[in-house]
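This report covers confidence, nonpolar cores and a few individual residues. The sequence and structure come first.

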Amino acid sequence: MPVLPSNKEIFKKGLWIENPVLRQVLGICSTLAVTNLVVNTLVMNAGLIFTLVMSSWTVSLLRNYTPDRIRMMVQMLVISSYVIIVDIFIKAYLPDISVALGPYVGLIITNCIVMGRCEAFARLNPPVPALLDGLGTSLGYSFVLLIIAVVRETLGFGTILGIQIMPDGFVKWTIMIMAPGAFFMLGIFIWIVRSFYPQIYEEKG
Amino acid sequence: MKKGLYSVIYMFIVTLCFTSVVSGVRLLNEEKILTNIEARRQSVILDVLKIKVGAGAGPEEIVRVFAKNVKPLRLNEDTIYIGYDDDGLSVKGYAFSVTGPGFWGPISSMVGIDKEYSRIIGINFFDNVETPGLGARITEDWFQAQFTGLPLERKDGRGRFFTLKQAGTRKTLKELDAVTGATQTSEAVDKLLNKELNRFVQEVVPLIRKEI
């Protein structure tokens, strides 16, 4: 039996060592789609954090009762339920952001990070580590998205959270708010991180 | 066999629990969500008819003002919205929606016309998938505001109502500034609105006259 890593290690692993976007390159669809404005990214992040934490916790609670061969159906059901609840709340209380995010809130259901963590960690571990694993992983996803969004909004619109920060004569980089801008940013970001912290990646080999 | 039965019953119970919770949450928020959707659509109509809603008004206020000041009128395949002044008697103008191809996808707009069918009083491009920062700038206030006051008259009753020109080069009232760097979107808007305004003047106005 391998020894279960400490809670702190589990959290750190999700947040940084095995960061879902930088190391595993998961959840890219939403990374590309919602990072053109910081405010959209913040709402998306909140949605993902809630979904992943709650799903991991629930899947872990049910782990001893769920028959192995239907576990994926159960995981899907749990994840979808939480996502739909998030979607209902955004539609009811943040209607403008709901329109801006379009289908992407619903698509958290198919975000491979969520099911990945449920399948790889939560269904095999007790609720508290599962919850921390979900929290670490979702925060790891969130901070990467937020950095990309800050750069894209600054260069693409000259603003952050809608507040003008670039001088008046600033020429906006239109490509930054289009999908290719997200690809460039993500690629450059992963490149920088892996250049500065290569050992972590190579250890995993 | 016993294992299979357990799986089925287990899945059934888990599904029942989760769907009940989700349905409950939905039911509790149903009214608010529907109001938001309605308010979103109605605020566009109020905007082009220049019917004022208090600044920062919530969805409920928008729905209330709309119910008081606007009446829909169904004419064959079109729906026209008749805007009334605050006294509720005199007509302020008419609003109708125009949807057609943009550069990347459909552009939807709402157009407000005054009660004599002689001028545009407001326009709102409420839905598009044009390039952010370029074509999508047709939703910015300066672009939409140019249409306010545009006369709905043409030489010999034919031709164009307006032309979008490169920004800064317009000379007459019928020339409006295009969005710099968004030639395709500007051309699409020019073509779509000229065509649909023509249809409105030729086909819809006589129908409205007959109805009221």
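Two residues are taken to be in contact when their C-beta atoms, placed from the backbone, lie within 7 Å. By that criterion, and not counting residues up to four places away in sequence, Phe162(B) touches Leu150(B), Lys174(B) and Leu176(B). The model discussed here is predicted.

**Phe162(B)**

Phe162(B) sits in the loop of chain B that runs between helix H3 (141–145) and strand E6 (163–165). Phe162(B) counts as buried because 23 C-beta neighbours lie inside 10 Å, and the cut-off for burial is 20 or more. Ser97(B) is 65 residues apart from Phe162(B) along the chain, and the C-alpha atoms of the two are separated by 18 Å.

**Confidence**

For the complex, the predictor gives an ipTM of 0.82 and a pTM of 0.82. The average pLDDT of chain B is 90, and 99% of the residues score at least 70. Within chain B, confidence is lowest in E6(B), with a mean of 89, and highest in strand E4 (residues 106–114), at 95.

In soluble globular proteins, nonpolar side chains tend to be buried together. The largest nonpolar core here has 47 residues, and Val114(A) and Ile148(A) have the most contacts inside it. Elements giving two or more residues to this core include H1, helix H3 (38–61), helix H4 (71–93) and helix H6 (112–120) of chain A, together with H1 of chain B. H4(A) gives the most to this core, with eleven residues. Val114(A) is in contact with Thr51(A), Leu52(A), Ser55(A), Ile79(A) and Ile108(A), leaving aside neighbours within four places in sequence. Another core, of 39 residues, lies apart from the largest one; among its members are Leu46(B), Leu49(B), Leu164(B) and Ala178(B).

Most residues other than glycine have a negative phi. Which loop holds Val25(A)? Val25(A) is in the loop between helix H1 (7–17) and helix H2 (28–34) of chain A. Lys50(B) is found in the loop between helix H1 (2–48) and helix H2 (59–69) of chain B. Neither is a glycine, and the phi of each is positive. The table lists the values.

| Residue | Phi | C-beta neighbours |
|---|---|---|
| Val25(A) | near 50° | 13 inside 10 Å |

Val25(A) counts as partly exposed because it has 13 C-beta neighbours inside 10 Å.

Notes
Residues numbered from 1 in each chain as written. Chains lettered and ligands numbered in written order. Predicted model: local features only at pLDDT ≥ 70, side-chain atom pairs only at ≥ 80, totals over all residues. Helix = DSSP H or I, 4+ residues; strand = E, 2+ residues; numbered from the N terminus. Buried ≥ 20, exposed ≤ 12 C-beta atoms within 10 Å, placed from the backbone. pLDDT = per-residue confidence, 0-100. Core = buried A, V, L, I, M, F, W, Y, C linked by C-beta atoms within 7 Å.
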